[in-house]
Amino acid sequence: VVKSVNAMCTELSLPLARKRTSQQAASYAAKWETLSTECGNIKSGLKPVYSPKDFYDVITNIKNPNVSSLQCDAVYLGLISVKVAVKTVCELRQIFRELDPSRYQHLGTDNHTTSEFESERLLLGRKVVSSGSVAAARQFLKFGCPMGLRGKLWTAALGVEFNEFHLSYFDQLKSSVIEYDLLMDNILMQDVRMTSANDEYFFVFEDLLHQVVLALSRDINILDCTKESTHLKSYIRGNLGNPKFMVTYPPSGVVPFYGFSLYVTPFCYLFQSSIEVYLCFSEFYRKYLHHLHSISSHFESILGLSRQFEELLQGEQWVLFQHLVRVGVQPLRLVFNWLMQAFAGLLDSFQTFLLWDRIIGFDSLLLLPVLAVGILTFRKESLLQARSVAEVEAILSDIGFVSVIPLIQMCLFGRSSKG
């Protein structure tokens, strides 16, 4: 990552950061609501710092130096050789017991959901919103959420407050974006333009997405959720090598990958102002999303989730796992982008909402590998007939309209299909 950033600075003759003149800052401030017009000023030759494929290569090549090849599990066919603590199927069933379709109804996912049940959920949801209880909001979200209440319930469940302090803080972030031009700003804006702005469902949010991702790059509170050793460091000009003048770059410590802006898109449907989108998204990022593109031994880091996927698929769908390996493709390679993106931009927006309702409700990212196993299980018959990597990829190329909750329920509570 460091080499990539430094190479772009050198090749394009761009500084990591520069202060805008008062005239430039005033011009930029005037365009705050239409930042997409600034994309024309992005220098050609700029490219993403890294992609999910790059991160996949890094993750799958991590080795434990204290473990020899002779000590490795001979039965384990996966790529994640580092032994991260994962949950058994029984433990997952206990964690997500409220998803058991034989015991509970879920709004928007049951074939026999009645209008009376929906009305009851709407009434209860309003009471939960009025209570302002984080615990009550999370419990409610475990069973699905009426669309009209989702923004308020996510806000409550994440513990987000829209008060004068937070509104003032967002204005400070905005002022920093206006005052300083970062190389990372161009990379973020290009990511919005190349991904979200090219999507038929998200292009209308382009200006809003620019505002939110640029503000996030300045938010030093994001540093608290990541390890300092992973942050890029730079020096204030003229003080190279002086530790007193060493700073984190960008200020939030977040180096975006290709597709990063897709994380924000679900929130754009729920709120009208950039302040509301930012405060809710940044808290969701701090609690969950930062795990998906950072390396750690946490069981919900991307390393842990990848290992969880491999062990769950190998344990529940052994024949399918073996078949995919024989064809020439590791199952993790097929789903890594799904996990890293938390399925954002890959599922229909309504399905993304249903999934993220449960992530917030259960306060867990473990649903991501469970859903990935569910999708492969759902496409099992076709996958077993595939005879090449291209055929396998074609079968899984479009997952946009899968029904996520039934697939999760099938994976956790359905009949075992070990083969």
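Are F267 and F281 buried or exposed? Both residues are buried, where buried denotes under 20% relative accessible area, exposed over 50% and partly exposed the range in between, with a 1.4 Å probe and protein chains only. The model is predicted, so that local features need pLDDT of at least 70 and side-chain atom pairs count only at pLDDT 80 or more, while totals for chains, interfaces and linings use all residues. Residues are numbered from 1 along each chain as its sequence is written, and side-chain values use heavy atoms, with hydrogens and water left out.

The structure holds 26 aromatic pairs, a pair being rings of Phe, Tyr and Trp (its six-membered ring) with centres within 6.5 Å; planes under 30 degrees apart count as stacked, over 60 as edge-to-face and the rest as tilted. One of these is formed by F260 and Y263, which are edge-to-face at 5.5 Å centre to centre with 70° between the planes. F260 counts as buried because its relative accessibility is 1%, and Y263 is buried with a relative accessible area of 0%. The pair of F267 and F281 is edge-to-face because the ring planes stand at 70°, with the centres 5.7 Å apart. Since F267 lies in helix 11 (residues 265-268) and F281 in helix 12 (residues 274-287), this pair ties together parts that are 14 residues apart in sequence. Helices here are DSSP runs (H or I, at least four residues), numbered from the N terminus.

Charged side chains also sit over aromatic rings, a placement that requires NZ of Lys or CZ of Arg within 6 Å of the ring centre and within 35 degrees of the ring normal. R20 lies over the face of Y28, at 3.9 Å from the ring centre. The charged end of K87 is placed over the ring of F299, 5.0 Å from its centre.

Two loop residues were also examined. H293 is found in the loop between helix 12 and helix 13 (302-316) and counts as buried because its relative accessibility is 10%. The side chain of H293 makes a polar contact with that of Y50 at 3.4 Å; such a contact is a pair of N or O atoms within 3.5 Å, in which, within protein, one must be able to donate a hydrogen and the other to accept it, and residues adjacent in sequence count only if both atoms are side-chain atoms. L396 occupies the loop between helix 19 (389-395) and helix 20 (404-413), and is buried with a relative accessible area of 7%.
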